[in-house]
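Keep the sequence and the model at hand while reading.

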Amino acid sequence: MKKKALWKDIFKEMWQSKARFLSIFAIITLGVAFFAGIKATGPDMIDTTDQYYQETNLMDLKVVSTYGLEQSDIDLLKTVKGAAVQEAYSKDVMLKDSGLVTKVMSYPEDAENTSNQYAVVSGRLPEKSGEIALDAASEYSSAYALGDTVVLTTDDQEDPIQDSLVEDTYKVVGFVNSPQYIEKDARGNSTIGTGSLDGFAVIPKADFDMEYYTEAYLTFSDTASLQAYSKTYEDTVNQHQKDIEKLTKDLPQERLAEIKKEAQAEIDKGQKEIEEAKEKLADGQSQLDDAKKKLEDGRAEYEEGVEKLESEISKAQAELDANSQKIAEGKKELASKRTELEAGQAELNQAKQSFTEQKASAEAELTAGEKELAANQQKIDQGLQAVQAAQAEIDQGKEAIQQGQATLDKQAQELKAGQQQVTEMKASLQAAQTELAKAIEAGTDEAAVVELQQKIAGLQQAIPAAEKEIENGQAALSQGQAELDKQLSTIQVGEPELAQKQAELEAAQAELNQGKEAFAAQKAAAQEKLVAGENEIAVNQQQIDEGLQAIQAAETELANGETQLTEGQATLDQEQAKGQAELAEAKEKLETGQAEYEKAAAEFKKQKEDADKDISDGEAELADAKKELADLAKPEYFVFDRSVNPGYAEYSDNADRISAIAQVFPVFFFLIAALVCLTTMTRMVDEQRLQIGTLKALGYTNWDISKKFLVYASLASVVGTVVGLLIGYQIFPSVIFNAYGSLYNLPSIRITYYLSYGLISFAISILCTVASAYAAVRVALQSNAATLMRPKAPKVGQRILLERLPFIWNRMGFIQKVTARNLFRYKQRMLMTVLGVAGCTALILTGFGVSDSIADIPNLQYGKVMKYNALVAYNADASKEEKETYQEFIQSQPEIKNHLDVLQEPYTASEKGANTQDFCARNN
């Protein structure tokens, strides 16, 4: 038996009681969404970071040493089975212009499969020397932009940047995130500046110039498939950590022995250099004594050469002076003749200038005449063109007038035809009116009369319209005729003026042609006169040039004699200069030698003093080095797991806290859901009491009757659970993870649908609704049909506890007494109300309590613990004057109420099973 009516009633009840159905659906959706969403948030956070660590190949272990790592250490680590080892350099520096304390890390050339790969936020990673990628933290992105230049430096003069890096100036090519620094703010401690890192930077590995590696990163093949933060992963990494510590157990002693061996070699080398320096001092003193003897012999030879040179120079100079007198007389005679020719040349030049001016004036006049003729011709041409254009316009106007007149004539004929037609219509109207009067008198049938009346009405309407149209046409015709007459009058006036203008232009053209002929004749005459003047000037110039040539020949002869004289004088001067130069060179050599001797003697004295001091200092340093070598401690090797990275362990704790919240808060929602469902289904059963009795009387079994309530509750529960799972899995993890987005540099959360949480949600929701529905309907089904079909008897009233307390009961009003009795009469409703209000109050107080607790932390931390407003890091290499200047500046600032000098050292505290903490120890 299918019992279609029963099932139809079940679904009809759902439709009719939508509010009740939606209330159960809403409370189940809220409870499941909160439970599944909070439960899934912790695993989703872990899964997101695990995927990020796998994509960036985050290291499993990091090995460091107090003395750095040698290549032999790296080779030893590479012998570990299943371990991929990546050696690296790092250096704590300061960005010169911003003062940001930065850990500069090496970026290998083949970085495809390396550990700790970087996530590029903007730009790119460095590809060549001189390029740098900065931390994507706000301190760097706000201080620098792509393409900017940064300068790296240190605050320690004993450890300059050049000792560690081949470059100190870099170009910013990108901003990146690192899986080693998932926190946005914390970057760990530093050995420079304020003791805390502001961020990191990445440069090519080739830019490091260091003897030792600073760290080695190990990634194991058996951890690739393990989820980060899981117990299996932690146990596996702990075992590897123990293996690495065991492997490096003997390295400190071996490294110490090697360092001592290298240090002893350096000490022996220093001792040898001191002995060689003492020998060099003795050789230097011997060389100074030999140089002094050579200087005394050279000074005697120099004085003898000076006397011999002065005697030979005096004889040669007397002969040259006599020849020079003869040449001077010849020059005087030539100068007189040259003066005469130059006077003639000046007159000729003046004539040339006058001719040139006349020629330029004539050419200017000719050019002006040509331009004037061209301008007049252009005016005449323009006038002719204007006349032709006006004539064409008049011709077009005449043609347009003829066409307009034709159009007007046609319109006049059409108006005449229209007037004829109106006359005919009026005649027809009179005839129709006469015929209508006759028809009325004769008593013609009504249809014919109506037809005549309609005809008359039509003609009466048509005639005025036609007359109006004819009147408009006549007005338009008159206006058009007036316009044509006006245009014709304008054309008739313009034609004589145009003819007169054309005649004037033709007369001007004839006059211009005569002017052109006269100008051509004048131009030819002027050109003949200019050619004659040029010929005369050329003849006079030729005569002057011949005279100048003769003078130049004589001057050449004198110049040859003068040249010989000059050569003789030059030879004498050269010989004199040569002798003097040789003597001067000899003297200079003597003086240079003397100066060099004195300088060398002084320098030797100074160097001897410095050398003696250096030798003394070197011997002291050797003694100190021997003492330090004897006191040298063994290096320490440290093996760190991922928890050493800032924020790594704290992120796991945050995920665990979210999971812990999921163990508590959803219980309230499910408890409230159970109470709401119990109350709702109980009320529904009470409302359906008559229908239950009717169904029971009709022979339906208890199971059939209970189906209505069980299906009702279960369908609301199933639909609410499905919607709640979708909302919970999608919204809660994203919202919570985004709330942590201000703390961590991580990609978007990965959403996972967990079957276990879904099954638990289905089980709890079914239990809350179906069990409540079954409990409510089971009580009703215990009664027979007759009882159920009668209204339910009210509960028997009983005395409550307050009635037994007269001093309270007697002071209560009537409404208060009724309320108190109803509370204890309907215990289920009272319990639901109490528990619901208690649960909601607990949730609200918890939220405000957590908010207030967190809000007080900054006030406590920076109001009672850390009371300073600023921190200044001292430069350890500052001079005494710089320190005194700083103290004077601090004392002179009235805004500074108090200051305290402290010693601050960064430390890292770690404990198994606890988060690694970076802190600074201070001592004043």
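Helices (H or I, at least four residues) and strands (E, at least two) are DSSP runs, numbered from the N terminus. Lysine 205 sits in the loop between strand S9 (199-204) and strand S10 (215-220). This is a predicted model, in which local features need pLDDT of at least 70 and side-chain atom pairs count only at pLDDT 80 or more, while totals for chains, interfaces and linings use all residues. Residues are numbered from 1 along each chain as its sequence is written, and side-chain values use heavy atoms, with hydrogens and water left out.

Lysine 205 is partly exposed, at 23% relative accessible area. Its C-alpha atom is separated by 7.8 Å from that of alanine 88, a residue 117 positions apart along the chain.

**Salt bridges**

Side chains of opposite charge can pair when their charged atoms come close. A salt bridge here is a side-chain nitrogen of Lys or Arg within 4 Å of a carboxyl oxygen of Asp or Glu. The structure holds 8 of them.

| Pair | N to O distance |
|---|---|
| Aspartate 47 and arginine 750 | 2.9 Å |
| Lysine 103 and aspartate 92 | 3.3 Å |
| Aspartate 235 and lysine 231 | 2.9 Å |

Aspartate 47 is buried, at 14% relative accessibility. Arginine 750 is partly exposed, at 37%.

Lysine 103 and aspartate 92 form a salt bridge. This pair links strand S4 (residues 101-107), which holds lysine 103, with strand S3 (residues 90-95), which holds aspartate 92; the two residues are 11 apart. Both lysine 103 and aspartate 92 are buried.

Aspartate 235 and lysine 231 pair within helix H5 (residues 231-247). They are 4 residues apart, so about one helical turn separates them. Aspartate 235 is partly exposed, at 39% relative accessibility. Lysine 231 is exposed, at 63%.

Salt bridges also link Arg124, Glu127 and Glu131 in a network.

**Surface patches**

Patches are made of residues with over 30% relative accessible area and no salt bridge; like charges are joined within 9 Å, and nonpolar side chains (Val, Leu, Ile, Met, Phe, Trp, Tyr) within 5 Å. Accessible areas come from the Shrake-Rupley method with a 1.4 Å probe, and for residues only the protein chains shown count as cover.

Asp and Glu count as negative, Lys and Arg as positive; His and the chain ends are not counted. The place of a charge is taken as NZ of Lys, CZ of Arg, CG of Asp or CD of Glu. A negative surface patch includes Asp163, Asp209, Glu258, Glu279 and Asp283. Glutamate 279 is found in helix H6 (residues 251-442). Its relative accessible area is 54%, so it counts as exposed.

Val718, Val722, Leu726 and Tyr753 form a nonpolar surface patch, with about 340 Å² of accessible area together. Leucine 726 belongs to helix H11 and is partly exposed, at 47%.

**A buried serine**

Serine 717 is placed in helix H11 (residues 702-739). Serine 717 is buried, at 0% relative accessibility. A polar atom of its side chain lies 3.4 Å from the backbone nitrogen of isoleucine 766.

Terms used: Buried < 20%, exposed > 50% of the residue type's maximum accessible area, 1.4 Å probe, protein only. Polar contact = N/O pair within 3.5 Å; in protein donor to acceptor, adjacent residues only side chain to side chain.
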